[in-house]
Amino acid sequence: MRVKSLPFFILLFFSTATFSLAGPFTKEEKLILKTEPPFSAIMAHPEAYIGTRLFVGGVIAQVQNLPDRSLMEVIHKPLSKSFKVPLATDLSYGRFLVSTRKFLDPSIYTKGKSVTVIGRLSRVQPGIIGKRPYKYPVISASHIHLWSDTY
């Protein structure tokens with residue numbers, strides 16, 4: 001009996017491993033990456049890309065919960081080719097805001113955690129980083145994936 005169940009467990013292991021390699025995004029969502037402009041171009045002229053669907057990631061700088069939505073400030077990071085997780089690098093083309101009607105608990109969406117976001121660039125919002133004026137592209141999120149520390 002043990003010998004007969006071994007192939008089942010091997011099959012179960014490999015199918016689970018294969019499924020987990022797919023990552024949290026569908027093929028259709030990943031296709032957005034092929035048509036979107038580079039984030040550096042968006043930061044150079046964000047107004048020109050309003051309405052564009054984006055697939056971006058980075059590291060959380062802060063979360064602010066408002067009465068009708070949550071805003072998450074994200075420091076942009078390039079995404080890995082395979083899983084689309086933000087890379088641990090000093091390379092960044094700036095910051096962006098993620099707007100969602102969902103409540104983002106600041107004890108879960110904490111500073112320094114990696115996120116990948118899919119959504120449309122809805123507007124540009126003026127802000128300040130330190131004492132410096134800044135123009136934040138605001139992405140209205142349709143999908144937010146919070147990465148665990150172990151991916």
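## Surface and burial

Accessible areas are computed by the Shrake-Rupley method with a 1.4 Å probe, and for residues only the protein chains shown count as cover. The protein exposes about 9600 Å², of which carbon and sulfur atoms supply 62%. The model is predicted: local features need pLDDT of at least 70, side-chain atom pairs count only at pLDDT 80 or more, and totals for chains, interfaces and linings use all residues. Residues are numbered from 1 along each chain as its sequence is written, and side-chain values use heavy atoms, with hydrogens and water left out.

Of the 151 residues, 33% count as buried, that is, under 20% relative accessible area, with exposed meaning over 50% and partly exposed in between (1.4 Å probe, protein chains only).

## Fold and strand pairing

The protein has 3 helices and 5 strands, arranged along the sequence as α-α-α-β-β-β-β-β. Helices (H or I, at least four residues) and strands (E, at least two) are DSSP runs, numbered from the N terminus. Contacts are heavy atoms within 4.5 Å; among those between residues at least 6 apart in sequence, 63% join residues at least 24 apart.

Two strands pair if DSSP finds at least two bridges between them. S1 and S4 (residues 114-129) run antiparallel and are joined by 7 bridges, with Val56 partnered by Val117 in S4. S4 also pairs in the antiparallel sense with S5 (residues 132-146), over 14 bridges; here Gly119 has Ala141 of S5 as its bridge partner. S4 and S5 form a hairpin with 2 residues between them, and Gly130 in the turn has a positive phi of about 70°.

## Largest pocket

A pocket is an open set of points on a 1 Å grid over the protein atoms alone, where a 1.4 Å probe fits, with protein on both sides within 12 Å along at least five of seven lines; lining residues have an atom within 4 Å of a point. The largest pocket has a volume of about 210 Å³, the space filled by probe spheres set on the points. It is lined by 14 residues, the closest to its centre being Glu36, Phe39, His76, Pro78 and Leu79.

H3 (39-44), S1 (53-65) and S2 (70-77) each supply at least two lining residues, and the largest share, 3 residues, comes from S1. The lining divides into 9 nonpolar, 3 polar and 2 charged residues. Ala, Val, Leu, Ile, Met, Phe, Trp, Tyr, Cys and Pro count as nonpolar, Asp, Glu, Lys and Arg as charged, and the others, Gly among them, as polar.

## Thr89

Thr89 lies in the loop between S2 and S3 (95-100). Thr89 is partly exposed because its relative accessible area is 29%. Not counting residues up to four places away in sequence, Thr89 touches Lys77 and Pro78. The C-alpha atoms of Thr89 and Gly58 are separated by 10.0 Å, the two residues being 31 apart along the chain.
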